[in-house]
Amino acid sequence: MSDPATTHRSVGRSVDRREGRAKVTGAIAYVDDLTLPGMLYGKTIRSTIACGTIRHIEFEKDVPWDEFTIVDAGDVPGKNIVHLIEEDQPVLCEAVVRHREEPILLIAHPDRQLVEKAARSVKITYEEHPAILEIGPGKVHREILIEDGDLEAEFAASDVVIERTYRTGAQEHAYIEPQGFIAQWDGDKVHAEGSHQCPFYVHEALKTAFNLTDEQVNVAHCTTGGAFGGKEDFPSIVAIHAALLAKKSGRPVKLIYDRNEDMASSTKRHPSLSTLRIGATKDGVLRALDFDFRLDQGAYVTLTPVVLSRGVLHAFGCYRWPAARIRGRSFFTNSPPYGAFRGFGAPQSLFAIEAHMSLLAEQLSIDPAELRRRNFLRPGDTMPTGQVMKEDPNLEALLDRALELSDYRAKRSAWKKGSGRGIGLSTFMHGAGFTGSGEVYLASRVALEIREDGKVVILQANTEMGQGVETVFQQICSEAVGIPLEQVVFRRPETAFVPNSGPTVASRTTMIVGRLVEKAGKQLRGKLGELSVAEHYRKSGPLRIEVQYEPPPGIQWDEKTYKGSGYPTYAWACDVVEVSIDPVTAEIKTERVTSTVDIGTVINPTLAQGQVEGGVAQGVGWATSEKVALRDGAMTNAEMMNYIIPTTVDVPEITVEFLPNPYEYGAYGSKGVGELPMDGPAPAVTAAVAHALDREITQVPVQPEDLLE
Ligand code: MOS
């Protein structure tokens with residue numbers, strides 16, 4: 001393929017992030033920078049038990065309560081439900097408490113300090129019940145089964161059968177800006193703006209809780225300081241709460257979480273438990289996979305069924321299996337609900353399969369890179385879902401390049417097992433776009449409008465949250481219409497004024513929605529003919545092009561049997577990780593990570609590289625330092641001081657190389673990059689630690705105290 005930078009005007013170039021200057025100079029306003037006349041500050045009063053019934057609420061006398069707006073479940077005018085997949089989570093508790101930090105009351109006052117003081121003067125007593133806090137004893141909510149081939153026959157024909165159980169822990173998003181919304185009413189219409197990923201999710205949730213029509217709700221997007229999935233479903237709660245206080249007080253209300261409240265109460269990555277049995281021949285050909293995948297979903301359903309689905313659809317990794325059975329289950333517990341987090345179930349199942357592949361290599365005395373090579377999916381192969389590999393995933397090329405860039409072979413042989421230095425690897429994929437028929441149901445729409453000043457405005461709902469969508473869409477539009485970047489305007493998403501292009505999740509934005517921008521741009525170019533945008537406007541006035549998603553041909557999915565194309569396409573990658581272990585403290589230092597990546601065409605190399613580097617840092621953090629400590633269902637380290645994310649000192653040296661492999665149905669050949677880089681580091685880290693210490697590692701995070709035991 002030719003270098004896109006030479007054939008395209010905008011696509012393939014590392015143009016500057018369009019909102020970058022305003023962010024680094026501090027000029028840009030986040031939701032907490034906004035102040036409205038007469039605005040009140042809100043605060044959520046939460047449960048201090050994991051399971052039980054509310055007995056009594058007392059407002060202590062040291063607070064001027066008559067100056068406060070106080071909201072309880074009885075003030076919810078519509079359904080007392082946070083609308084999502086299932087209608088199980090209340091906006092505010094009525095009597096029953098199902099997890100720590102569950103919202104019970106809301107209070108608001110013009111004085112921010114007084115609100116904090118008042119919150120401490122609400123005393124709630126409970127009748128407490130025993131809580132379920134681990135995977136197993138609780139009710140199973142959703143079960144998924146994928147079966148393919150004759151499992152028992154393939155196990156019987158295997159020379160080795162190895163079984164292990166792997167665990168992964170919860171993970172905090174640690175976005176740079178906590179959750180926050182401002183809501184205000186104009187008669188029977190509500191306007192809410194805040195920090196979130198998916199304006200139309202919040203829109204739908206407000207409609208349900210207040211019993212409103214589409215037109216009565218407007219949700220606008222504010223500058224958002226990171227999300228990572230943490231602002232996919234959770235912001236609906238914050239927006240509803242702010243709107244309840246605003247409705248009752250008749251004033252605008254700002255509700256911003258402080259960091260500790262945010263960490264303790266908002267969603268996290270689902271903890272998982274995976275039991276795998278793999279059968280293989282003695283020369284390393286895989287024959288059978290039996291994978292039991294379990295997620296802790298916490299006290300409410302939130303997005304768990306979709307997370308579970310993505311988990312099972314990545315459980316078989318990027319290998320050929322003559323027979324496979326994957327069983328996925330999600331369990332209710334009394335932990336705060338788990339939710340979307342970059343990777344969305346895939347990092348959990350890929351950790352288990354990749355860790356198990358490295359263990360199998362060890363047991364067969366085959367190099368882990370070679371074991372993988374012997375079993376890679378190739379064109380014409382089928383996944384256990386029956387999905388046929390139409391495109392070449394080029395896994396060997398990714399592997400070979402990663403081995404070469406990292407000098408893997410020399411290091412693997414020079415560093416003796418148990419020497420304190422180790423090198424490990426993982427090969428993995430990420431299904432881009434919504435699972436199964438998700439994109440068809442979403443039926444995303446994007447519009448372009450021309451303006452009198454010669455500019456083209458992009459109207460759609462996908463949100464900038466640091467990943468670069470404004471810049472990338474500007475590049476795609478500029479390319480498709482054939483106009484300079486400066487003549488493209490990205491309108492801030494606001495539900496009353498933009499078509500619904502779906503949520504900013506699932507590594508779908510550039511590939512799926514970007515493709516719609518490309519399509520609309522090309523149609524617009526056709527309409528303009530030989531004229532410039534300004535000339536066409538002068539001649540014919542306003543012009544609007546709107547396009548809607550159409551699935552690529554041949555994509556079918558059966559939700560009941562889990563057969564068909566789980567995803568229209570996949571991004572692929574290989575990570576090589578080098579670690580050293582301190583012989584005295586057992587501290588793990590991740591020294592170097594090499595990542596080779598196929599995301600189709602790279603629209604903006606600097607931004608794409610940033611995505612990979614960030615994902616690697618987040619993956620290494622999940623694997624080594626990020627431990628969510630829970631006691632009695634409460635996070636006991638809900639502070640940036642003792643929930644340890646990698647800092648600039650801890651982040652390893654990262655080498656990234658893209659191997660272009662354009663995808664016909666993505667914007668200019670692109671595939672999703674957002675989540676893929678989160679999937680690979682953890683099992684490569686544990687493989688490297690296993691090599692360095694000559695012992696098995698079956699969990700993340702793996703920390704010095706685990707190694708010293
Ligand atoms: Mo995401 S974890 O698909 O916001």
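# Briefing: pockets, cavities, sheets and domains

The lining of the second largest pocket comprises 19 nonpolar, 7 polar and 6 charged residues (Ala, Val, Leu, Ile, Met, Phe, Trp, Tyr, Cys and Pro count as nonpolar, Asp, Glu, Lys and Arg as charged, and the others, including Gly, as polar). The model is predicted: local features need pLDDT of at least 70 and side-chain atom pairs pLDDT 80 or more, whereas totals for chains, interfaces and linings use all residues. Residues are numbered from 1 along each chain as its sequence is written, and side-chain values use heavy atoms, without hydrogens or water.

**Second largest pocket**

- The space in this pocket amounts to about 890 Å³ (on a 1 Å grid over the protein atoms alone, a pocket is an open set of points with protein on both sides within 12 Å along at least five of seven lines, a cavity is a set where a 1.4 Å probe fits but cannot get out, and lining residues have an atom within 4 Å of a point).
- Its lining consists of 32 residues, and those closest to the centre are Ile-85, Tyr-201, Val-306, Phe-434 and Gly-438.
- Strand E7 (140–148), H5, helix H8 (304–312) and helix H13 (438–442) each give two or more residues to this lining (helices are DSSP runs of H or I with at least four residues, strands runs of E with at least two).

**Cavities**

- The structure holds 3 cavities of 30 Å³ or more (volume is the space filled by probe spheres set on grid points joined across faces, edges and corners).
- The largest cavity has a volume of about 180 Å³; among its 22 lining residues, Gln-89, His-99, Phe-234, Ile-237 and Pro-337 lie nearest the centre.
- That lining divides into 10 nonpolar, 8 polar and 4 charged residues.
- Because both domain 1 and domain 2 contribute to its lining, the largest cavity lies between them.
- The second largest cavity holds about 80 Å³, and its lining includes Met-263, Lys-268, Tyr-338 and Met-635.
- By class, 7 nonpolar, 1 polar and 1 charged residues line the second largest cavity.

**Seven-stranded sheet**

- Seven strands form an open sheet of mixed pairing in the order E3-E5-E1-E12-E9-E10-E11 (strands pair if DSSP finds at least two bridges between them).
- Strands E3 (69–71) and E11 (217–221) are at the edges with a single partner strand each, so one side of each has no neighbour in the sheet.
- Neighbouring strands of this sheet are turned by 20° on average, direction ignored.
- Strands E9 (180–186) and E12 (253–256) run antiparallel and are joined by 4 bridges; Ala-183 stands opposite Val-253 in E12.
- Helix H5 (199–210) lies across E9, E10 (189–194) and E11, at about 150° to E11 (angles, from 0 to 180 degrees, are between N-to-C directions of lines fitted to C-alpha atoms, for helices over the stretch in contact).

**Four-stranded sheet**

- A second open sheet, also of mixed pairing, has 4 strands in the order E19-E18-E17-E20.
- Its edge strands are E19 (488–490) and E20 (544–548); each has a single partner strand, so one side of each is left without a neighbour.
- Strand E18 (456–459) runs parallel to E19 and is joined to it by 3 bridges, with Val-457 opposite Val-489 in E19.
- Helix H14 (469–481) lies across E17 (445–450), E18 and E19, running at about 145° to E19.

**Domains**

- The chain is divided into domain 1 (40–49 + 51–130 + 174–265), domain 2 (140–171 + 268–435 + 564–708) and domain 3 (444–548), with bounds from an automatic or database assignment.
- The C-alpha centres of domain 2 and domain 3 are 36 Å apart, and their contact takes 23 residues from domain 2 and 20 residues from domain 3 (contact means heavy atoms within 4.5 Å).
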